[in-house]
Structure formats: C-alpha cells, structure tokens
Amino acid sequence: MKLKLNSLRAAGIGAAMLFALPAVAAECIAPADPGGGWDFTCREVGRLLSAEGLVEGNVQVTNMPGGVGAVAFANVASKRANDAELLVATSTVGITQIAQGKYPADIDTMRWLAMLGADVGVIAVAKDSPLQSVDDLVAALKADPTSVVTSGSSGAGGWDHIRLLLLAQAGGVEALDQIRWVQFDGGSPAVTQMMGGQVGLVSTDLGEIKGFVESGDIRVLAVLSDDPISAFPDLPTAKSQGYDVTGYNWRGFYTGGGVSDDDYNAWVERLKTLYDSAAWQETAKNSGLEPIWRGGEEFTAYVAEQKEQMAEISRQIGVIQ
Amino acid sequence: MDILTQLWNGFAVAALPINLALIVAGCFAGTLIGALPGLGPVNGVAILIPLTFAFGLDATSSMILLSAVYYGCMYGGRISAILLNIPGDEPAIMTTLDGYPMAKKGQAADALAISGVASFIGATLATIGLTLFAPLLAKAAIYFGPSDYFALYVMAFATIGGISGTDPRKTLLAALLGLMLGTVGLDPSTGVARYTFGSFNLYDGFDPIVALVGLFAISEILFFLEEKAHGGGLVPPGRVFPRLTRVKEGLGASLRGSLIGFIAGILPGAGASLGAVMSYSFEKRISDKEGTFGTGDPRGVAAPEAGNNAASGGALIPMLTLGVPGSGTTAVMLAMLISLNIQPGPLLFERSPDLVWGLVAALYLANFVLLILNLPLIGMFTRVLGMPAWGLMPLVVAISYLGVYAITHAAFDLMVMVGFGILGFVLRKLDFSLVPVVLGLLLGMDMENNLRRALSISGGDFMVLVQSPIALVIYALTAAFLLLSLWLSRRQNGIVPQPPQH
C-alpha cells in the first residue's frame with residue numbers, strides 16, 4: 001500500500017513536471033466561519049494539494065465570513081482579482097445567491113476553476129413519521145400544504161428550500177408558497193429538532209446528517225441524485241419513485257477575474273491531478289461527497305447554466321421578482 | 001459499572017506520553033489565546049487544525065489537543081477581564097463586573113485565584129456530568145424546541161435588569177441598544193438585508209466579539225487617555241500572591257454557578273455566555289444581601305467563571321452524543337473529526353469508544369493541568385499591572401487590532417471596533433454599564449432566530465410561544481424569580497445605587 005501511494009505520488013509529480021507546472025504557494029479563502037462546508041473544502045483540498053506536492057508548503061486557509069460568501073466575493077473582485085495564488089471555495093449555495101442578486105456582481109467577474117465533488121440532497125423524516133415515501137409526502141402537501149412543517153439549514157429561498165420545492169413541484173403541489181419552512185443553523189440541528197417533534201421534515205445535504213442515517217433515527221424518503229449513491233445504495237432516489245428531480249450541492253473553486261490564462265490553466269491542471277489522486281477519491285467518499293469532475297471551460301459553462309436555472313426557479317417560487 | 005471500566009480505558013489512552021504532552025501544550029496555548037482580546041476558542045482551535053495534520057496526529061490525539069485548548073481558553077478569558085477590564089472572549093464579560101473592581105482594590109491576585117478555582121470546579125463538575133449522564137441528557141435536550149429556547153432568552157433578559165450596579169432603567173436601555181444593534185445584517189430566516197445600507201460588510205451584522213473588544217478595550221484606552229490628562233493612575237498591582245481565605249468565599253457560588261452553566265451548555269446554541277449570565281444574575285439575587293456585588297465581591301467572580309467553564313463542558317454532550325455543535329468551537333471540532341474519517345453522530349460512543357473515553361479522561365487531566373498551570377502564573381499575570389502605562393496601553397491596542405483582524409481578515413471590522421470603542425466611551429460617560437449592550441447583541445440574535453423559527457412552525461400564530469410545557473415552566477420560574485427579587489428589594493428598602501465602575 002505504501003509503495004502504491006509512493007508510486008502514485010511519483011506519478012503525480014511526474015504529471016506535474018510533464019505539464020511544466022511550477023508548484024506555487026497558495027492561499028484558499030473559505031468565505032465562512034471555521035467548521036462549515038466551505039471551510040472544510042478549503043482545509044481538505046489544501047491539505048491534499050500540499051500532501052501531493054502540487055503546491056509549495058502548506059496552503060494557507062483564510063476564513064472570510066459574511067453574506068453567504070458575498071464579502072469574500074467583493075473582496076476578491078476589488079482587491080485580489082489578479083492574484084494567481086488564490087483559490088476561493090464555493091458551491092451550489094454560492095451560485096444560488098448570485099442568481100438571486102445577493103452578490104455584488106455577476107459570475108463573469110470571476111474565473112471558475114473546477115468542481116471536485118458534490119454532496120447529495122436528501123429529504124428525511126423522523127423514524128416514527130407516518131410518511132413512508134415521496135408519494136405520501138406529495139399527497140399530504142396536496143391535501144394541506146401546512147400539514148408538514150419542513151426545515152433545513154438554509155433560509156427561505158436558499159438551496160435546501162428550493163430543492164424541496166422542486167420535488168413538491170414535480171409532484172404537482174401547487175400552493176408552494178404555503179408550505180412552512182424553518183431555518184436552522186445546519187443539517188444536524190434540524191434533524192435533532194425533528195427527532196424532538198418540532199418539525200416534520202428535513203431537507204439538507206446527506207453529508208451533514210450521515211450519522212443519523214446510519215443510526216436509523218431518521219427515514220430517508222428520497223436522495224436527490226441520478227443514481228443510488230455508493231455509500232448508501234439502499235436509499236431510494238426521487239427518480240426511482242417517479243419524480244425527475246436532482247439536487248446536488250457541488251464543491252469547487254473560483255479565482256479572480258484578472259488571473260492570466262496560463263495561471264488559470266495551471267490551476268485547473270493541478271486540481272485535475274488532485275481529483276484523480278487516490279487520496280481525494282478516499283477523502284471525498286469519507287465525507288459523503290460523490291466525486292464529480294468539471295473543470296475549466298466546461299465548469300464555467302456549467303456555472304452559467306446553473307445560475308440561469310436557479311434564477312428561473314427562484315422566480316417561479318416567488319423568491320425574486 | 002460499565003462507565004467506570006470505559007473511563008479507566010480512557011485514562012489509559014489519555015495517559016500516553018504523547019497525549020499528556022498535548023494536554024499540557026494545549027492548556028498553555030489555550031490560556032494565552034483566551035487571554036488575548038479578540039482571539040477566542042473558535043480561532044484558537046481553527047489555528048491548531050493544520051498543526052494536527054502536520055504532526056500526523058490520530059483522531060484521538062487531535063481531539064485531546066483541541067479540547068485542551070478549548071478548556072484553556074475558558075480559563076484564559078478571565079485574566080484580561082480581571083486585570084484590564086477587557087474580556088478575552090464573550091463568556092468572560094460577566095467576570096469584569098466584580099473581577100475588575102477587585103483588581104482596582106489591589107486584590108487582582110485574589111480575583112485570579114478565586115476565578116481559577118471556580119473554573120476548575122465548574123469544568124470538573126461538568127466533566128463528571130458528561131461522564132455519567134451524557135446519553136440521557138442528550139435525549140432530554142432534543143425536546144427543547146424553538147419556543148422553549150425563546151422562553152430561556154426571555155428569562156435571561158428579564159433577569160439582567162439587576163446585574164450591574166447602576167440604575168436598572170439604564171441597564172435595560174443598554175440592553176435595548178444591544179438588541180437594536182443585533183438586528184443589523186441578513187435576516188436569517190428570509191435572507192432580507194436589514195440596516196446594511198448596501199454594504200456587504202454588514203451582511204452578517206456586528207460580530208459580538210468585535211463589538212466586545214471595541215466596547216471594552218478601546219473605550220478603556222480612551223478613558224485612560226482622559227484620566228492621564230487629569231493625572232489619574234493605573235490599577236495598583238497589589239499583592240502578588242493570593243490568600244486562601246478569599247478563595248473559600250467563592251466556593252458556594254462556584255457550585256451553584258456550575259449547575260446553571262452546565263444546563264445552559266447542554267442546550268445546543270445557548271452556550272457559555274448564557275451560562276455565565278444566568279449564573280451571575282442568580283448568584284447576585286440570592287447572595288447579594290449587603291449590595292456588594294459589582295464592587296468586587298468574590299462570589300461575583302466565582303459564579304460566572306464556574307458557569308462558563310461548566311457550560312463548555314456541557315456543550316461537549318450534544319457534540320459527542322448527537323454530532324450537533326453546541327457552539328462555534330464544537331462545530332470546528334466536529335469538522336475536524338469528519339476530515340479524520342470519523343463520522344460524528346448518535347453512533348460515536350459505540351463505534352469509537354477509545355476516542356470518546358480518551359477525550360473524557362483527557363478533560364479530567366486538562367482540568368488539573370490548568371489549575372496547576374494557572375495558580376503559579378498568577379504572580380506573573382499580576383506583574384502585567386506593574387508595567388508602565390506607556391508600554392501596556394499600546395500593547396493592548398495592538399493586540400486588539402490583531403485579534404479582530406484575525407477573525408474576519410477585513411479592515412472594515414477594525415473600523416467597526418473603533419466605532420464601538422467610541423460608543424463605549426460615551427456610554428460609560430453617561431453611567432451606562434456596557435455588559436448589557438454586549439448581552440443584547442449576543443443573546444438577542446439567538447433570541448430572534450428562535451422566535452422566528454417558532455413562528456415559522458406555527459405559521460405566524462403567537463400562541464405557539466406558550467403552548468409548550470417546557471416554555472411554561474421557564475416563564476413560571478422567571479415570574480417567581482422577579483417576584484422574589486421585588487420582595488427582597490422591598491425588604492432591603494430599595495437598592496442602594498452603586499458608584500459607576502470606571
């Protein structure tokens with residue numbers, strides 16, 4: 001095993017030399033307080049970038065919380081647009097904010113590097129809940145949209161909320177704006193409040209509440225992925241129940257809009273090398289992420305497309321005009 | 001006696017030389033981090049994470065190091081609160097109320113010893129509670145819903161009217177000011193920006209720690225400048241060594257404070273600050289017969305210190321049994337567990353007994369280390385007061401700027417800090433206590449979030465606030481508490497107004 005790791009490492013270094021990538025010193029901005037998803041993305045990717053020899057020394061992680069990433073976005077746009085050593089962590093949540101006009105500028109202000117994996121949305125109820133499937137949920141909401149109090153870790157109009165509404169919409173629930181939504185500071189607090197009987201349903205990332213799925217304290221009505229996920233193959237997808245809805249929360253990075261093509265391409269290459277490493281595949285799996293790669297132009301196009309989708313959904317459910 | 005066996009195994013893990021070394025190092029680093037204004041346990045723990053990776057520590061050793069830092073910070077926060085009237089972190093604000101007056105009377109060493117012992121009692125009792133009742137308490141905490149949390153904050157605000165010696169009306173006004181400042185920023189439940197004037201820097205509102213450093217540290221310096229102009233002096237260093245008799249005076253208060261703090265700690269989100277506030281106001285009501293609280297009463301130092309240390313022990317219960325962060329610091333510790341490939345959650349006790357019990361055992365050891373470390377250091381800390389003002393004051397300014405900048409890396413927050421400093425100076429000139437301002441800001445945000453959650457659940461019906469039996473019990477206790485203090489103050493023929501504390 002050790003030999004394998006070493007040879008992989010050598011391969012990584014070899015690849016780096018092949019593409020003539022000089023290792024750089026690097027900084028990763030996590031636009032949130034320590035402990036959250038973006039902080040985790042910076043710390044894990046930073047640790048691996050340095051362990052795989054893709055950057056010089058350690059990656060410095062800087063926490064710059066504020067406005068669900070808006071403060072870091074504004075800071076990079078105005079002060080560090082040309083900084084080729086900078087990575088900023090972001091995710092679907094950030095794109096949702098941009099789509100709803102909550103960031104100081106649009107996506108073309110930045111250069112979008114890559115996504116390395118995605119957390120999968122999950123709709124869960126307490127183990128003693130009468131709801132057994134998405135059909136039950138949709139039927140209950142159709143009969144009375146206030147009958148199930150729903151909750152998650154984003155505010156109303158955030159990604160956790162939107163994913164749930166997409167599912168309800170796919171099921172033909174019309175009174176989307178009457179469904180009650182409660183915001184908690186994270187997926188696991190929401191789940192414990194559900195276990196205490198305060199709310200009836202939680203919509204969040206699977207990675208946040210993995211522990212409760214394993215312990216059997218909650219019942220997952222649906223995971224919002226295309227295929228059953230590797231870590232929990234028994235959990236039913238929404239698609240398998242006839243609802244064509246997915247809700248990924250990808251994790252990735254952008255850098256300043258003034259970074260040169262060469263530096264930009266070098267970062268995409270470095271991240272690709274990292275993505276292909278055994279260490280990342282292992283880390284992603286352990287933290288409940290499905291490894292998914294999109295990089296460079298493909299990723300930029302994907303971000304633009306997702307932003308349009310989010311704006312459309314937000315208009316439909318009345319979050320923006 | 002399953003617990004004892006497992007605890008014994010835990011001690012076997014914690015007593016490994018590497019882990020012992022980490023406990024000592026963590027306690028020392030934590031004390032310093034806690035004492036520096038601005039730098040608190042969240043940052044302290046976050047700073048050390050890369051170090052654990054660099055040393056290749058396993059999950060248990062990493063958690064032991066971080067917990068030692070966490071406990072150390074709770075001990076450390078009191079030091080600058082007592083010596084300089086500048087709380088090192090949020091939970092230490094209550095310690096300024098009686099700690100600093102003691103220092104002004106030349107009893108800094110006594111105050112440090114009392115608070116050190118109180119911290120030890122609080123943290124040790126909380127660790128015992130954690131050992132014996134963790135799974136049981138976690139089950140009970142689950143049934144605390146948003147309307148119950150709201151009731152708890154109502155109780156906290158109802159009781160702070162009497163915490164500072166000044167006019168209760170001014171205390172309430174100051175708390176109201178804090179509550180108003182707390183509404184700045186994105187409304188968490190709908191994402192609507194309030195009072196941000198289009199500035200993204202205000203989207204997250206005022207960080208309580210930035211407000212705290214500004215209100216206390218910067219205003220203290222402005223005061224010093226003014227007093228210097230009038231020829232006033234610094235706090236006298238007084239005795240270097242504490243007296244045992246004074247320490248004894250705080251023992252009863254420590255025990256009562258520990259219990260209240262522990263309960264506040266178990267409830268996720270309430271945390272150490274609430275624990276310290278409730279411990280202090282409760283202690284003041286039942287023991288302040290001569291009106292000495294606020295003028296340097298040892299019991300006023302012991303109660304909040306025992307309270308905040310017990311609360312941080314209590315906060316580990318939801319973290320270990322449910323994987324729910326009870327505070328910012330435990331959120332960071334949970335994130336690190338995940339990155340070390342350990343899934344926090346209800347199964348942690350079953351799956352990683354070595355980690356859980358090793359950690360619990362390490363907490364016992366850390367408490368002793370902190371006590372042993374802190375008592376001899378008292379002499380060193382009090383000598384800080386002997387430093388000439390031209391050296392000490394610029395140092396305080398520099399550390400305040402550094403600490404605040406390290407939290408958000410935004411120059412904007414430095415300006416916010418200075419703004420709060422000027423506000424603090426003006427308020428103190430007008431004889432307002434600053435503690436309720438910070439409490440309004442700190443607790444008001446959580447209070448509002450829980451109110452909004454309760455109303456989201458009920459669809460806007462306010463009756464939800466009084467439909468939970470837990471909330472009703474809390475309201476009944478609050479009413480009883482207020483009636484009792486009314487009766488007590490009648491009997492004492494009114495509250496004697498205390499001189500302002502600057």
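Guide: Start with confidence, since this is a predicted model. Chain A has an average pLDDT of 88, and 93% of the residues reach at least 70. Helix H5 of chain A, residues 134–143, has the highest confidence in the chain, at 97. Helix H1 of chain A, residues 2–18, has the lowest, with a mean of 41. Residues 1–21 of chain A stay under 50 in pLDDT. For that stretch the model has 17 contacts beyond four places in sequence.

Now to the domains of chain A. Domain 1 is written in two pieces, 2–118 + 249–315, and domain 2 covers 120–247. Taken over C-alpha atoms, the centres of domain 1 of chain A and domain 2 of chain A are 28 Å apart. Each side brings residues to the contact: 13 from domain 1 of chain A and 13 from domain 2 of chain A.

Look at the side of domain 1 of chain A that touches domain 2 of chain A. Helix H4 (92–99) and helix H11 (296–316) of chain A each supply at least two residues there. H4(A) gives the most to this side, with 3 residues. By class, this side of domain 1 of chain A has 7 polar, 4 nonpolar and 2 charged residues.

The core holds 264 residues. Among the members that touch the most others are A:Cys28, B:Ala68, B:Val69, B:Tyr71 and B:Ile82. B:Ala156 and B:Val438 belong to that group too. Helix H6 of chain B, residues 108–142, provides the largest share of this core, 19 residues. Domain 1 and domain 2 of chain A each put in at least three residues. In soluble globular proteins, nonpolar side chains tend to be buried together.

Step back to the whole of chain B. The chain has 21 helices and 2 strands. Its radius of gyration is 22 Å, close to the 23 Å from the globule rule for 502 residues, so chain B is as compact as a globular protein of that length. The C-alpha trace of chain B spans about 65 × 55 × 50 Å along its principal axes. In chain B, 60% of the 502 residues count as buried. Of the contacts in chain B with a separation of 6 or more, 80% join residues 24 or more positions apart.

Definitions and conventions. Residues numbered from 1 in each chain as written. Chains lettered and ligands numbered in written order. Domains from an automatic or database assignment. Contact = placed C-beta atoms within 7 Å. Helix = DSSP H or I, 4+ residues; strand = E, 2+ residues; numbered from the N terminus. Nonpolar A, V, L, I, M, F, W, Y, C, P; charged D, E, K, R; others polar. Core = buried A, V, L, I, M, F, W, Y, C linked by C-beta atoms within 7 Å. Buried ≥ 20, exposed ≤ 12 C-beta atoms within 10 Å, placed from the backbone. Rg over C-alpha atoms; globule rule 2.2 N^0.38 Å. pLDDT = per-residue confidence, 0-100.
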